[in-house]
Amino acid sequence: MLLKKEELPTLIKDLQKLYPKTKTALHYESAFQLLCAVILSAQCTDVRVNMVTPKLFAKYPSAKEMSKASLEEIENIIKSTGFYHAKAKSISETSKILFEKYGGEVPPSMEELLKLRGVARKTANVVLQDFYGISEGVVVDTHVKRLSYRIGLTRNTEPIKIEKDLMKLLDKKYWHWISHALIWHGRGICHARAPKCEQCIIAAYCPKNGVKVTKK
């Protein structure tokens, strides 16, 4: 069952009590570094990425330096993030494009970002929202996907369709906030296998979708 339109303001209000201001947990000092960090975060925790990027960015802080690094050098540093062959290739090729075509700068455009290797809407949305303050859409990662379905914000399971549903449902001013609010809530409370429903401020919405809530 989908969440009723009249229930949405209460849901937002409840979540804002816990997450009044939100931002990505990834560490970065530039749009380029954020872009690389998000590419590395695929199938990997932000904690692990933050353990790897200090060494990576100390050696290759910008697109110019990264574009000159060999794949082997990048792979050796990012290996622990998983899928390091593909990630290294994405970072390398994207760095070369940014240096050669954009003077080393990351373009503040969804259309241009999606042309870069390893960049899909999730990655582009994070860079646009967290660095440039531009909301082109909603970041849909595994947490947003899981929670959106559980609480009835969508009945879709594909990230692109989920994003479209959330964009239709929510005012644009909430697009950036809802992404990180659901991510932080998914990490801390609404886990995939063992959600802490008794501690959840929005648990009242879950029984409609088949999740049993145990009150203390």
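I begin with a definition: a residue is called buried under 20% relative accessible area, exposed over 50%, and partly exposed in between, with a 1.4 Å probe and protein chains only. By that rule, Phe83 is exposed, at 60% relative accessibility.

This is a predicted model, in which local features need pLDDT of at least 70 and side-chain atom pairs count only at pLDDT 80 or more, while totals for chains, interfaces and linings use all residues. Residues are numbered from 1 along each chain as its sequence is written, and side-chain values use heavy atoms, with hydrogens and water left out.

Let me stay with Phe83. Its phi is near 50°, a positive value in a residue other than glycine. Where does Phe83 lie? Phe83 is found in the loop between helix H5 (71-78) and helix H6 (84-102); helices here are DSSP runs of H or I with at least four residues, numbered from the N terminus.

Gln43 is also not a glycine, and its phi is positive, about 55°. The loop that holds Gln43 runs between helix H2 (31-40) and helix H3 (46-59). Is Gln43 buried or exposed? With a relative accessible area of 68%, Gln43 is exposed.

I turn now to the cysteines. How many disulfides does the structure hold? There are zero disulfides, where a disulfide is a pair of cysteine sulfur atoms within 2.5 Å. For Cys44, the nearest cysteine sulfur belongs to Cys36 and is 14 Å away. Cys44 is buried, its relative accessible area being 18%. Cys197 is likewise buried, at 11% relative accessibility.

Terms used:
Helix = DSSP H or I, 4+ residues; strand = E, 2+ residues; numbered from the N terminus.
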